[in-house]
Amino acid sequence: MPVSEAILTQILAQLDALQVSQQTMQAKLDAFSAQGLNSPLEPKPIVGLPALASPTPATSPKVTPTPTTSAAAPTTATRAPLASASPTLNDAKSSAVPLTDKEREKLLYPGRVNLTTYPDQHGVSPHRLQWGATDPSARGPVICSRLTSSIKQRNAIGAHSGSYSIYRALSIAMGTLSPTHKPDYSMTEPPVNIPPNPTWSDPSKIVSFDPWGHLVPSVFAKEIGGGLDVRPSIAVTKAHLKMSELDDAARKGDIEVDGAVVLQSRPVIDVNGETLPDVFPGVEVNVSKAAVEPVWYLPGVADRFGISEALLRRALFEDTGGMYPELITRPDVKVFLPPIGGLTVYIFGNPAFMSDETKELTLRVHDECNGSDVFGSDICTCKPYLTYAIEECIRTAQKGGVGVVVYFRKEGRALGEVTKYLVYNLRKRGGDSADKYFKSTEMIAGVKDMRFQALMPDVLHWLGITKIDNMVSMSDMKYDAIVKSGIPIHKRYDIPDHLIPPDSRVEIDAKIAAGYFSSGKQVTEADLVKTVGRTWEETEH
């Protein structure tokens, strides 16, 4: 028998033995339940510690996972869900004797660790979730909570708040937040209407977030009232933008103060509180805005990238350090809340005009660049592009149309700021010429761009946008993704040449030569060596 077949036979025999062992464990757990006894994995009262009351209605104790092993679902340890009485530490805090970390851990997590769950596990009954259903009651809420009231009905993997879920975990560990804190959503409804449109019920159009996310407290009020931990993943609000660049534009007459879209700011006062009537106070801009957290429908995401759902799940599991075992063990759960940044939408003008094809619409899709957007670094054109696009959106709104800026948290082309700064160092030490621009990134990151714009158009469909009159962008990736999704773009244009900082000419020329859109200057590969950025020595004064 070949060696490979012998090894495979041994593995299968071991898997069969493990399956028999786990079936025996399941039978013992069932026996405990039948006798009305506590399961060995269920929370037990802690002698000598204060009793803790749950602030929310509790359901019956949760049955913990008993793994059933297969070649596709490796054996893992299990974790008992939170007990209904465990999360509130207020009484413990008031105790004269402070709790040790071990005692606090037992109060928060009194059972054994549940690393994963399985579809056929006793007590697991995911709440119905039909992505793309025409109404929220048929679609069902997204439930990822491991709290006692919800863990049996979890139908999503991951946690709310994206990367900020880690800070929530820290707050719970430190005792500053109760895991069962129940938010009061009574006065949080959107002041701006983003109504359902046909794309919400098309499972191929919106796959990267929950289109009902801003309406959760109203459309899933029954489920929330029944004790399920269902949370909004979108928030919509209104605000004023105050930017020094817009003050300058108003001062020069590039945008006008109309009292509707653009308002004059309050008078400037000095350190003594006296008004300075001769000083231009600048302007503020009326906007509506929405913050959106990622909620991935895995079959749709996989299809969008042209890969299988199985491959997507495996990659997400393996290349995040095995953070989410249920990506492998729960193929029945199709929704994943990834620990990544979301996006923010800024709307200039009447939001209802976004879905009105008779109204002009100007769009800028912008990927985060902290160094430029916030701190004004001039090695790239990110901030000039963003401020120019905002001005264009304002002008469109003042003409009776609407402007939209979508700001994605994809720092450094989704490579991250550390990688970006390493690339900067390589560029400045290696001769910062445009012909080396993309190669420098590939030398560090192995790829020149990881933003993968295939998911980006989802937010445009959610907003009801069916055509774009003006797109401020030179990115072919963004343009192609939007058009491929079914939204035509009538005109696109790039940043005016006079707004490009000298040191960022390297970036712009490299992009033009690589095929990015340009309405003006054309650059060949042979020209790139002539475009050179500022050296470090030139910045030292």
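Trainee: Which helix gives the most to the lining of the second largest pocket?

Mentor: Helix H10, residues 309-318. H10 supplies 3 residues of that lining. Keep in mind that this is a predicted model.

Trainee: How much space lies in the second largest pocket?

Mentor: About 1100 Å³. The pocket is lined by 34 residues. Closest to its centre are Trp 296, Ile 340, Arg 409, Lys 410 and Ala 414.

Trainee: And how does that lining divide by class?

Mentor: The second largest pocket has 21 nonpolar, 6 polar and 7 charged residues in its lining.

Trainee: Back to H10. At what angle do H9 and H10 cross?

Mentor: Roughly 100 degrees. H9 covers residues 298-305, and its axis comes within 8 Å of the axis of H10. H9 is therefore roughly perpendicular to H10.

Trainee: Which residues make the contact?

Mentor: From H9, Leu 298, Pro 299, Val 301 and Ala 302. From H10, Glu 309, Leu 312, Arg 313 and Leu 316. By class, the contact has 6 nonpolar and 2 charged residues, with no polar ones.

Trainee: Why give both an angle and a distance?

Mentor: Because two packed helices are described by the angle between their axes and the distance between those axes.

Trainee: Okay, another pair. How do H8 and H13 pack?

Mentor: Their angle is about 55 degrees, and the axes lie 10 Å apart. H8 runs over residues 244-252 and H13 over residues 382-398. The two helices are therefore oblique to each other.

Trainee: Is the crossing of H8 and H13 left-handed or right-handed?

Mentor: Right-handed.

Trainee: Which residues meet there?

Mentor: H8 brings Glu 245, Leu 246 and Ala 249. H13 brings Lys 383, Thr 387, Ile 390, Glu 391 and Ile 394. That contact holds 4 nonpolar, 1 polar and 3 charged residues.

Trainee: New topic. How much space lies in the largest pocket?

Mentor: About 1500 Å³. Its lining counts 48 residues. Nearest the centre are Gly 158, Ala 159, His 160, Ser 165 and Arg 168.

Trainee: What about classes in the lining of the largest pocket?

Mentor: There are 28 nonpolar, 9 polar and 11 charged residues.

Trainee: Now cavities. How many of 30 Å³ or more does the structure hold?

Mentor: It holds 6. The largest cavity has a volume of about 500 Å³.

Trainee: Which residues are closest to the centre of the largest cavity?

Mentor: Cys 382, Arg 413, Tyr 437, Glu 507 and Lys 511. They belong to a lining of 31 residues.

Trainee: Which elements supply at least two residues of that lining?

Mentor: Strand E8 (361-367) is one. The helices are H13, H14 (417-429), H15 (437-445) and H18 (505-513).

Trainee: Which helix gives the most to the largest cavity's lining?

Mentor: H14, with 5 residues.

Trainee: Last one. How does the cavity lining divide by class?

Mentor: The largest cavity is lined by 12 nonpolar, 7 polar and 12 charged residues.

Notes: Residues are numbered from 1 along each chain as its sequence is written. This is a predicted model: local features need pLDDT of at least 70, side-chain atom pairs count only at pLDDT 80 or more; totals for chains, interfaces and linings use all residues. Side-chain values use heavy atoms; hydrogens and water are left out. Axes are lines fitted to C-alpha atoms, for helices over the stretch in contact, and angles run from 0 to 180 degrees between N-to-C directions. Helices (H or I, at least four residues) and strands (E, at least two) are DSSP runs, numbered from the N terminus. Angles under 35 degrees count as roughly parallel, over 145 as roughly antiparallel, 65 to 115 as roughly perpendicular and the rest as oblique. A crossing is left-handed if the near helix is turned anticlockwise from the far one by less than a right angle, and right-handed if clockwise. Contact means heavy atoms within 4.5 Å. Ala, Val, Leu, Ile, Met, Phe, Trp, Tyr, Cys and Pro count as nonpolar, Asp, Glu, Lys and Arg as charged, and the others, Gly among them, as polar. On a 1 Å grid over the protein atoms alone, a cavity is a set of points where a 1.4 Å probe fits but cannot get out, and a pocket is an open set with protein on both sides within 12 Å along at least five of seven lines; lining residues have an atom within 4 Å of a point. Grid points are joined across faces, edges and corners, and a volume is the space filled by probe spheres set on the points.
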